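Please keep the viewer open while you read.

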Amino acid sequence: MSIPDATLLIQNRYAVYDSLFAKHPDFIAPNFDFPVGKPNATGYYNAQKFTENNHLGDDWNGIGGGNSDLGDAVYSIANGYVSFAQHIKGGWGNVIRIVHRYEGNYYESVYAHCQTIKVKEGDLIKKGTLIGTIGTANGIYLAHLHLEIRDNIFMDIGGGYAEDTKGYIDPTKFIQRN
Ligand SMILES: [Zn+2]
């Protein structure tokens, strides 16, 4: 009997996170908050909800409209590990990805189009940490935060929109529940 290589690879990647969070239990997530207007998104609204127009996340905008929220703080929605903090070409702009260990499972939060990045790959961070600021992805959009939450933490960055939501969960529902 042989295990397919891809399966083995995924098992190893989970094992790396298992040992990381076993060593640093203070960074396991007890709960989640919203990424803007912390903790409850006060002063912001969700302009494009999960699955609306095949959207794979939520688009957080300041209630002032336009670019009134440009440069506003973006906070980590929970304790976790910064697995990615880089600029991606095209519509993504500056992207921060954080892996969360929560109730024995793994989740990933993705924060896109940021004006600035305030954390580094490899950082362990607490909920509510300033991780970046709201941006326009280099002028492509009016300023907003694109937030995704994934229950498959090893997917590519993707396209932000798809009919198939496998691996993605409704960010607002998830944060409200947890
Ligand atoms: Zn979006």
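Helices (H or I, at least four residues) and strands (E, at least two) are DSSP runs, numbered from the N terminus. By that reading, Tyr 81 sits in strand 4. This is a predicted model, in which local features need pLDDT of at least 70 and side-chain atom pairs count only at pLDDT 80 or more, while totals for chains, interfaces and linings use all residues. Residues are numbered from 1 along each chain as its sequence is written.

**The whole chain**

The protein chain holds 3 helices and 11 strands. Read from the N terminus, its elements run α-α-β-β-β-β-β-β-β-β-β-β-β-α. The radius of gyration, taken over C-alpha atoms, is 16 Å, close to the 16 Å of the globule rule (2.2 Å times the number of residues to the power 0.38) for 178 residues, so the chain is as compact as a globular protein of that length. Along the principal axes, the C-alpha atoms fill a box of roughly 60 × 35 × 30 Å.

A residue is called buried if 20 or more other C-beta atoms lie within 10 Å of its own, exposed if 12 or fewer, and partly exposed in between, with C-beta atoms placed from the backbone. Of the 178 residues, 37% count as buried. Two residues are in contact if their C-beta atoms, again placed from the backbone, lie within 7 Å. Among contacts with a separation of 6 or more, 60% come from residues 24 or more positions apart.

**Strand pairing**

Two strands pair if DSSP finds at least two bridges between them.

| Pair | Bridges | Example of facing residues |
|---|---|---|
| strand 4 and strand 5 | 7 bridges | His 87 and Asn 94 |
| strand 5 and strand 6 | 8 bridges | Arg 97 and Val 110 |
| strand 7 and strand 9 | 2 bridges | Thr 116 and Thr 133 |

The hairpin of strand 4 and strand 5 has 4 residues between the strands, and Gly 90 there takes a positive phi near 80°. In the hairpin of strand 5 and strand 6, with 2 residues between the strands, Glu 103 has a positive phi near 50°. Strand 5 itself is mostly covered, with 9 of its 10 residues buried.

There is also an open sheet of 3 strands in the order 3-9-7, paired antiparallel. Its edge strands are strand 3 (73-75) and strand 7 (116-117), each of which pairs on one side only.

**The core**

In soluble globular proteins, nonpolar side chains tend to be buried together. A nonpolar core here means a set of buried Ala, Val, Leu, Ile, Met, Phe, Trp, Tyr and Cys residues joined through C-beta atoms within 7 Å. The largest one has 36 residues, and Val 74, Ile 96, Tyr 111, Cys 114 and Leu 145 have the most contacts inside it. Strands 3, 4, 5, 6 and 10 each supply at least two residues of this core, and strand 6 gives the most, with 5 residues.

Which residues does Tyr 111 contact, leaving aside its neighbours within four places in sequence? They are Pro 35, Val 74, Val 95, Ile 96, Ile 131, Gly 132, Leu 145 and Leu 147.

Back to Tyr 81: this residue counts as buried because 21 C-beta neighbours lie inside 10 Å. Beyond four places in sequence, Tyr 81 touches Leu 20, Phe 27, Ile 98, Val 99 and Leu 124. Tyr 81 and Ile 98 are 17 residues apart in sequence, yet 5.3 Å apart in space, C-alpha to C-alpha.

Asn 54, in the loop between strand 1 (44-48) and strand 2 (58-62), has a positive phi of about 65° although it is not a glycine. Asn 54 is exposed, with 12 other C-beta atoms within 10 Å. Ala 137, in the loop between strand 9 and strand 10, also has a positive phi, near 55°, but Ala 137 counts as buried, with 22 C-beta neighbours inside 10 Å. Finally, the peptide bond from Lys 38 to Pro 39 is cis, with omega near 5°, and Pro 39 lies in helix 2 (residues 37-41).
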